[in-house]
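Morning, everyone. Please look at the structure on the screen while I talk.

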Amino acid sequence: MLSRRTWLQTATALGASFSARSHAVGAHTKQTTAQTPNSGWLLSAADGNNAQPHLVAISRTTQSRYAWPLPGRAHDIGLLPARPEYPCLGYCIARRPGTWLYWFDLKQGKLLARIESPTDSHFYGHAATNTDGSLLYVTENHYQTSTRLKPRGVIGIYETKPPFNRVGEFDAQGLGPHQILFDAPHQNLIVANGGNITHPSSEREVLNLATMQPNISYLAAETGKLLELREPTDHQMSLRHIALAENGLLAIGAQDQAGLRDPDEPAPLVFTHKRGQPLSPLPANTNQWLAARQYIGSMAVAPDGSAVLASAPRGNQLLLWQNSGALQVFNAVDAAGIAWNTQAHGFMASNSGGQLFNLSLTPGAQLTALPAAAQWHWDNHLFLG
């Protein structure tokens with residue numbers, strides 16, 4: 001049971017407060033009906049104390065709180081743009097190599113549907129919606145059952161109304177497509193292709209370390225046409241997570257699949273990109289890259305591109321760059337989920353210990369930890385609506 005004080009302190013950090021009444025979050029429990037559709041929600045996958053994976057939704061403006069048990073760990077969770085028929089429709093996707101995607105309605109407080117990936121395919125855990133919310137683009141791996149070495153990275157296209165049909169697909173222009181974003185001003189898709197071959201028979205093992213080809217691909221959302229493709233100089237640096245600012249700055253987080261090869265010159269793990277330019281590593285010294293343990297968990301960026309935040313959960317750190325200046329490092333044990341918090345003009349982070357963190361940017365960057373929500377162990381990504 002989460003105490004009233006814990007709920008209120010959590011809500012304060014989110015820029016709002018719950019009412020005086022306190023409720024535990026329970027499976028399939030509806031506390032109230034959301035009054036501000038598609039606004040003021042915190043969403044994350046989380047394990048309960050019994051290790052049961054859940055989808056957890058907390059309203060920052062009402063008392064609404066939901067938790068639904070899931071068949072396995074989820075990865076990406078998001079809300080679609082509000083529509084009259086679906087003012088608060090969301091999705092959550094299985095962690096690689098999972099094959100399920102759930103649709104949920106926060107106005108009604110219920111799960112709507114479960115869909116499965118196509119035969120001989122699995123989801124990579126991320127999706128993006130178009131401007132009006134009518135389509136969902138999902139990263140997928142299509143593989144041959146008979147061989148582990150001939151997969152195809154695909155962007156599956158799904159309708160966002162019952163029965164949530166799959167209506168098409170694009171080539172991802174790379175292997176291992178992971179996070180995908182929709183660039184609304186240009187009507188483009190941006191895909192972080194990890195470059196790694198995996199197969200469900202070997203779970204998450206990388207099968208092509210010597211021949212990996214990670215990239216960032218820009219695709220026309222209407223046709224799937226390749227508009228631009230950028231590769232890192234190190235072909236074993238898997239590009240997984242991305243965040244996009246309103247000014248077109250793309251922040252990119254990498255995971256070094258080969259491990260630490262040269263302790264004197266560790267590879268950069270965080271890059272930025274603007275169309276027509278090469279990938280640009282953000283500044284950090286050797287010790288700072290070493291401390292990140294070759295692994296970036298999530299990316300977030302300020303809307304104006306002035307601040308970039310990366311989580312390094314294996315290094316128990318949050319990495320902050322402001323105006324592409326010197327790296328600021330904050331200690332946060334196993335913090336992976338991060339998101340821009342518009343209400344606080346800063347970032348929020350979550351960790352597996354159930355904590356939420358505020359990272360304020362003014363007058364000086366400062367990390368504040370909230371009391372742990374003992375009932376939940378937050379998973380890799382955090383969504384703030």
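Start at Arg-114. Arg-114 is partly exposed, with a relative accessible area of 41%. Here, buried means under 20% relative accessible area, exposed means over 50%, and partly exposed is in between, using a 1.4 Å probe and protein chains only. Which residue does Arg-114 form a salt bridge with? The partner is Glu-116, with the closest N and O atoms 2.5 Å apart. A salt bridge here is a side-chain nitrogen of Lys or Arg within 4 Å of a carboxyl oxygen of Asp or Glu. Glu-116 is partly exposed too, with a relative accessible area of 41%.

Quick word on the source. This is a predicted model, where local features need pLDDT of at least 70 and side-chain atom pairs count only at pLDDT 80 or more, while totals for chains, interfaces and linings use all residues. Residues are numbered from 1 along each chain as its sequence is written, and side-chain values use heavy atoms, with hydrogens and water left out.

Back to the charges. How many salt bridges does the structure hold? Seven. One of them joins the side chains of Arg-166 and Glu-169, at 3.0 Å from N to O. Arg-166 is partly exposed at 29%. Glu-169 is partly exposed at 32%.

Now find Glu-228 and Arg-275. Their side chains meet in a salt bridge, 2.6 Å from N to O. This pair links distant parts of the chain, 47 residues apart. Glu-228 is in strand β15 (residues 226-230), and Arg-275 is in the loop between β18 (270-273) and β19 (280-281). Strands are DSSP runs (E, at least two residues), numbered from the N terminus. Is Glu-228 buried or exposed? It counts as buried, at 11% relative accessibility. Arg-275 counts as partly exposed, at 38%.

Next, a histidine. His-142 is found in strand β9 (residues 135-144). His-142 is buried, with a relative accessible area of 16%. Its side chain makes a polar contact of 3.0 Å with the side chain of Glu-140. A polar contact is a pair of N or O atoms within 3.5 Å; within protein, one must be able to donate a hydrogen and the other to accept it, and residues adjacent in sequence count only if both atoms are side-chain atoms. Set aside neighbours within four places in sequence, and His-142 is in contact (heavy atoms within 4.5 Å) with residues including Arg-152, Arg-166 and Glu-169.

On to the rings. A search of the whole structure finds ten aromatic pairs. Rings of Phe, Tyr and Trp (its six-membered ring) pair if their centres lie within 6.5 Å; planes under 30 degrees apart count as stacked, over 60 as edge-to-face and the rest as tilted. Why is the pair of Phe-123 and Tyr-158 edge-to-face? Because their planes are at 65 degrees, with the centres 6.4 Å apart. Phe-123 lies in strand β8 (residues 121-129) and Tyr-158 in strand β10 (residues 147-159), so the pair ties together parts that are 35 residues apart in sequence. Both residues, Phe-123 and Tyr-158, are buried. Elsewhere, Trp-41, Tyr-66, Trp-68 and Phe-104 form one aromatic cluster.

Last stop, a sheet. Four strands form an open sheet in the order β24-β25-β26-β27, with antiparallel pairing. Two strands pair if DSSP finds at least two bridges between them. β24 (335-341) and β27 (366-369) stand at the edges, each with a single partner strand, so one side of each has no neighbour in the sheet.
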